[in-house]
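Please read this briefing alongside the sequence and the model, which follow here.

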Amino acid sequence: MKVLVLGSGAREHAMCWSLANSPLITKLICAPGNPGIKKEAECIDLNINNNEDIVSLALKEEIDLVIPGPEIPLVNGIINDLNKVNIKAFGPSKEASQLEGSKKFTKEICKAANIPTANYEFFTNQEDAIHYLKSINAPIVIKADGLAAGKGVIIAKNKDEAILAIKNSFKGVFGEAGKTVLIEEYLEGIEASYFALCDGKNAIPLTNAQDHKRVGDGDTGPNTGGMGAFSPTPNLSEEDNEHILNNIIKPTLAVMHERGTPFQGILYAGLMLTNEGPKLIEYNVRFGDPECQVILSRIKSNLFEAILAAVD
């Protein structure tokens with residue numbers, strides 16, 4: 001089979017490194033790729049934020065399966081467009097990708113599926129958001145509703161920091177993503193990431209990981225897309241993993257299927273391990289970066305066979 005991976009980061013390098021070992025793949029292409037990926041796959045320069053360009057390349061190269069790495073092509077609906085021309089693709093539809101594309105959507109799913117999460121309120125104007133701050137205690141979590149490359153989350157230690165974060169969001173620091181702001185309860189605990197392979201109805205646990213988001217030593221400074229990761233995390237027991245699968249992942253899949261937006265692909269739950277048990281912070285709809293590097297280097301079975309099974 002001919003396979004096309006979309007992306008250019010370390011995540012996509014890890015994906016290509018893992019996929020290159022599959023005897024089922026006769027040709028592996030990565031677009032746009034990077035110099036390291038050239039050791040594993042043919043790299044073709046391409047704007048992966050343009051669906052038409054992706055579909056054209058897939059048709060030209062007679063690609064059998066497309067695997068997007070980052071979230072933007074998924075949220076842009078690349079899976080829908082590829083399926084229209086009968087090209088298989090691994091990942092959620094545009095509608096299902098709202099689990100990452102909109103925090104408001106995710107909170108609606110949490111409510112419908114009775115998934116434990118932080119208390120929250122959404123705001124579309126600055127005055128109402130700041131007024132709401134008066135009724136809650138610090139620390140406070142301020143989030144841009146849409147995609148912000150992992151940087152749209154501010155943990156405000158006091159109300160002055162929270163007000164500044166709200167003003168910055170409505171000023172456009174996070175672009176369109178910040179036009180709606182989520183003010184969320186601060187959860188005490190340890191963060192962990194949980195990954196499952198999904199086919200629309202079923203979920204198979206992959207593993208868990210723990211990443212470090214803050215830019216400074218000692219977990220200080222603003223959040224980033226990720227400063228490093230390790231897998232597995234010692235903070236999750238086998239019982240915890242089962243609990244997450246049965247009480248967070250599977251109920252999410254069930255509600256998504258009931259809504260007519262079934263989820264196929266990698267479902268990545270960002271969790272806070274609290275004294276009351278694991279609570280969902282957010283969903284991502286693809287492998288994490290940097291978590292992907294540490295997860296795929298641990299997998300002993302054939303990743304491509306598992307991906308193909310989920311698609312089919």
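A residue is called buried when its relative accessible area is under 20%, exposed when that area is over 50%, and partly exposed in between, using a 1.4 Å probe and the protein chains only. This is a predicted model, in which local features need pLDDT of at least 70 and side-chain atom pairs count only at pLDDT 80 or more, while totals for chains, interfaces and linings use all residues. Residues are numbered from 1 along each chain as its sequence is written, and side-chain values use heavy atoms, with hydrogens and water left out.

**Aromatic pairs**

- Rings of Phe, Tyr and Trp (its six-membered ring) pair if their centres lie within 6.5 Å, and planes under 30 degrees apart count as stacked, over 60 as edge-to-face and the rest as tilted; by this rule there are four aromatic pairs.
- The ring centres of Tyr-120 and Phe-122 are 5.7 Å apart and their planes stand at 70 degrees, so this pair is edge-to-face.
- Phe-122 is buried, with a relative accessible area of 18%, whereas Tyr-120 is partly exposed at 27%.
- Phe-195, Tyr-268 and Phe-287 are linked into a cluster by ring pairs.

**Nonpolar cores**

- A nonpolar core is a set of buried Ala, Val, Leu, Ile, Met, Phe, Trp, Tyr and Cys residues joined through side-chain atoms within 4.5 Å; the largest has 47 residues, and Val-66, Leu-99, Ile-249 and Tyr-283 have the most contacts inside it.
- Helix 9 gives the largest share of this core, seven residues, where helices (H or I, at least four residues) and strands (E, at least two) are DSSP runs numbered from the N terminus.
- Apart from this core lies another, of 29 residues, among them Leu-28, Ile-295, Phe-304 and Ala-310.

**The largest cavity**

- On a 1 Å grid over the protein atoms alone, a cavity is a set of points where a 1.4 Å probe fits but cannot get out, and lining residues have an atom within 4 Å of a point.
- A search of the whole structure finds one cavity of 30 Å³ or more, and the largest cavity holds about 80 Å³ of space, a volume being the space filled by probe spheres set on the grid points, which are joined across faces, edges and corners.
- Its lining has 14 residues, of which Pro-68, Phe-90, Ile-266, Arg-286 and Phe-287 lie nearest the centre of the largest cavity.
- Helix 1 (10–19), strand 4 (65–68) and strand 15 (263–274) are the elements that give two or more residues to this lining.

Methods:
1 Å grid on protein atoms, 1.4 Å probe; cavity = no way out; pocket = protein on both sides within 12 Å on 5 of 7 lines; lining within 4 Å.
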